[in-house]
Amino acid sequence: MKKIRLTMAQALVRFLDQQYVSVDGEEIKFVTGIFAIFGHGNVLGLGQALEQDSGQLIVHQGRNEQGMAHAATGYAKQKLRHQIYACTSSVGPGAANMLTAAATATANRIPLLLLPGDVFASRQPDPVLQQIEQSHDLSISTNDAFRTVSKYWDRIVRPEQLMTACISAMRVLTDPAETGAVTLSLPQDVQGEAYDYPEYFFQKRVHRIDRQPITEGALADAITLIKSKRKPLIVCGGGAKYSQAGQALQKLAETYGIPFAETQAGKGTLTSEHAFNLGGIGETGTLAANTLAKEADLIIGVGTRYTDFTSSSKWIFQNPDVSFININVNRFDAFKLDAVQVVADARVGLDALDKALQGSDYHAAWGHQIADVREELIAETKRVYQVDYSGEDFIPEIDDHLDRKAVYAEFETITGSLLTQSRVLGTLNSTLDKEAVIVAAAGSLPGDLQRIWRTTDTNGYHVEYGYSCMGYEVNAALGVKMAEPEREVYALVGDGSFMMLHSELVTSIQEHCKINVILLDNMTNGCINNLQMEHGMDSFNTEFRFRADSTSKLDGGFVPVNFAKIAEGYGCKTYSVTTLEQLHAALADAKKQKVSTLIDIKVLPKTMIHKYFSWWRVGGAMVSESKAVDKVADMLRENIGKAREY
């Protein structure tokens, strides 16, 4: 047996460079490259290995460990989980910075390989720089925190252990049912230790991402249930998009008259123009989808994990006779809502349902209702896209006890803008190229986008909402651009999320990898501010205000920030927008640029689009000194009784 003497880090790099996947007969290189921020825990081990011979792996310099890991997640998501970037950091805070990104990837079922440095396996120099010492267990380091947010976790304490750990890592990363964050902790001393590795460890490996077949029994159960129901509704989740099941979904819907609604991850599997597409469902759902969801007697979940936003906290499906069929590669998700479990690839499952129903006279009984609610949806979308501030005629989207006119007057005095968020989104939706990709994640934007954004191209809607992670947007946009460099990429982000994390905007400049940041600045964490006020509270520490001397509270004037100046300092082409005319001009000019851009748009606070016939269960005070809060508590008790219990 031929052996090759390498350090553990050198062996890891060589192994990663030889990993491929096979999808529907197409062979794809799985690991494209590595994002790295080097420190004392990885620079002389993995860093040396990459400098010496990185093979075909591209090495990118990150700016923040969380940010670069979000970029890697965005890349893998846009590549439909068929290609990934790994991420390496130093010991301690560098590793800990990746925890949020690991959780984001795992919650969204996106493959993410993390290679954090670790403390010495030998423990001889302990305690080393950035080491956490736990007196009850000296084997614990910062990296143990990754156990809770990783689908596979390992610590390589001997160089030969790398081989089984790498195989296990690939097993999870390439498994559509179990994928997520994979963490291989790399003690800094072991990274540099040598071992005689067998040559076959570095052979080219092709991991087959096979389509999970449907069983005859599961198919028979599903068909029996479908034929017993009159008004089925398909919920299209992210699994349908990753399975590339759009054509199968379209055929089933059109042949049997079954409408479909979308989750955040599933939106864009088919365009919004399809005659059976009702748009988003649930707490951030559309007027159309939520209207029919309450009447549906069968829900066919395709690749969805039924988050509380999708199911309105298990409340939206109001028909007392409603049943569920779940098509999912993940058995855990297939069991949800006490469904008939079809553990299968989404495309395979939908094709099987279509084939089994052929020759029958089955057709859903929705009749003209589908066209009617879609007509209402299109009219409502046009309405909210035109909502503007017009003095006494302005109708707020939510009921609250705030003097809106005073807030808007204050905002206009500071910014010179009276733009509404919905009007800006309408302008973007009608102006951006149909092939463009929009990226969003947290705050009020994902809700507004799911309710009224009209998708025009497949895989052009990239919204992370499995973890609703502030700071994902700008950084993931870089990953999306790296995945599809021929498309214009727009990160739609609020001021709160931008301030929380936008580190890889600088990396986009460094890599000549243009992204466009559309920043909607309302001087507020708007989504949570609205949540407070909907539930009887006053605005409390969610607006960005100065501390007032008179009250010693954060209820002074708004804190103005010139985000265009910040991005200009990085090297971006920037624009400041307070009118629709300026917005149109900025979008047109940004498209001509070769460098990353940022459009700083000042939008009125509290102009998000409100919910349509939905309810979301959040923890509210059951005892208070406020009549408004008590009223919400009574509504909570009432709605809990209408929700499914499991």
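A: Start with Lys 606, which has a relative accessible area of 5% and is therefore buried. The cut-off behind that word is under 20% relative accessible area. The model is a predicted one, and the values below are computed from it. Lys 606 is placed in the loop that runs between β23 (597-602) and α25 (627-640). Its backbone deserves a look as well: phi of Lys 606 is near 65 degrees, a positive value in a residue other than glycine. Most residues other than glycine have a negative phi.

Met 523 sits in the loop between β21 (516-521) and α22 (526-534). With a relative accessible area of 2%, Met 523 is buried.

A further backbone point concerns a peptide bond. Most peptide bonds are trans. Asp 126 and Pro 127, however, are joined by a cis peptide bond, with omega at about -10 degrees. Pro 127 belongs to the loop between β7 (112-118) and β8 (152-155).

Seven of its seven residues are buried, so β7 is largely enclosed by the rest of the structure. Leu 112, Leu 114, Pro 116 and Asp 118 point one way from the strand, while Leu 113, Leu 115 and Gly 117 point the other way. What are the partners of β7? Strand β6 (residues 84-89) pairs with β7 in the parallel sense, over four bridges. In that pairing, Ser 89 stands opposite Pro 116. Strand β9 (residues 181-187) also runs parallel to β7, and five bridges join them.

Another lysine to examine is Lys 267, in the loop between β13 (260-262) and β14 (277-280). Its relative accessibility is 2%, so Lys 267 counts as buried. Which residues lie around it? Leaving aside neighbours within four places in sequence, Lys 267 is in contact with Lys 241, Glu 262, Ser 272, Leu 449, Gln 450, Trp 453, Thr 455 and Tyr 461.

UniProt, in an unreviewed entry, lists residues 442-601 as "domain: Thiamine pyrophosphate enzyme TPP-binding". Over residues 442-601 the chain is 39% helix and 16% strand. The C-alpha atoms at the ends of this stretch are 17 Å apart.

Next come the cysteines. A disulfide is a covalent bond between the sulfur atoms of two cysteines. How many disulfides does the whole structure hold? The search finds zero. For Cys 469, the nearest cysteine sulfur is that of Cys 87, 14 Å away. The cut-off for a disulfide is 2.5 Å between the sulfur atoms. Cys 469 is buried, with a relative accessible area of 5%. Cys 572 is in no disulfide either, and the nearest cysteine sulfur to it, that of Cys 513, is 12 Å away. Cys 572 has 7% relative accessibility and so counts as buried.

The aromatic side chains come next. In total, 14 aromatic pairs are counted. One of them joins Phe 15 and Phe 201, a stacked pair with 4.8 Å from centre to centre and 15 degrees between the planes. This pair links distant parts of the chain, 186 residues apart: Phe 15 is in helix α1 (residues 8-16), and Phe 201 is in the loop between β10 (194-198) and β11 (205-208). Both Phe 15 and Phe 201 are buried. The rings of Phe 411 and Phe 558 have centres 6.2 Å apart and planes at 90 degrees, so this pair is edge-to-face. Because Phe 411 lies in helix α16 (residues 404-415) and Phe 558 in the loop between α22 and α23 (563-570), the pair ties together parts that are 147 residues apart in sequence. Phe 411 is buried, with a relative accessible area of 0%, and Phe 558 counts as buried at 2% relative accessibility. One aromatic cluster is formed by Phe 15, Tyr 195, Tyr 197, Phe 201 and Phe 202.

Rings also meet charged groups. The charged end of Lys 29 sits over the ring of Tyr 20, 5.5 Å from its centre. The charged end of Arg 147 sits over the ring of Trp 153, and here the distance to the ring centre is 3.7 Å.

Terms used. Residues are numbered from 1 along each chain as its sequence is written. This is a predicted model: local features need pLDDT of at least 70, side-chain atom pairs count only at pLDDT 80 or more; totals for chains, interfaces and linings use all residues. Side-chain values use heavy atoms; hydrogens and water are left out. UniProt positions are given in the numbering used here, feature names are shortened, and annotations may be inferred rather than shown by experiment. Helices (H or I, at least four residues) and strands (E, at least two) are DSSP runs, numbered from the N terminus. Buried means under 20% relative accessible area, exposed over 50%, partly exposed in between (1.4 Å probe, protein chains only). Contact means heavy atoms within 4.5 Å. Two strands pair if DSSP finds at least two bridges between them. Rings of Phe, Tyr and Trp (its six-membered ring) pair if their centres lie within 6.5 Å; planes under 30 degrees apart count as stacked, over 60 as edge-to-face and the rest as tilted. A charge sits over a ring if NZ of Lys or CZ of Arg is within 6 Å of the ring centre and within 35 degrees of the ring normal.
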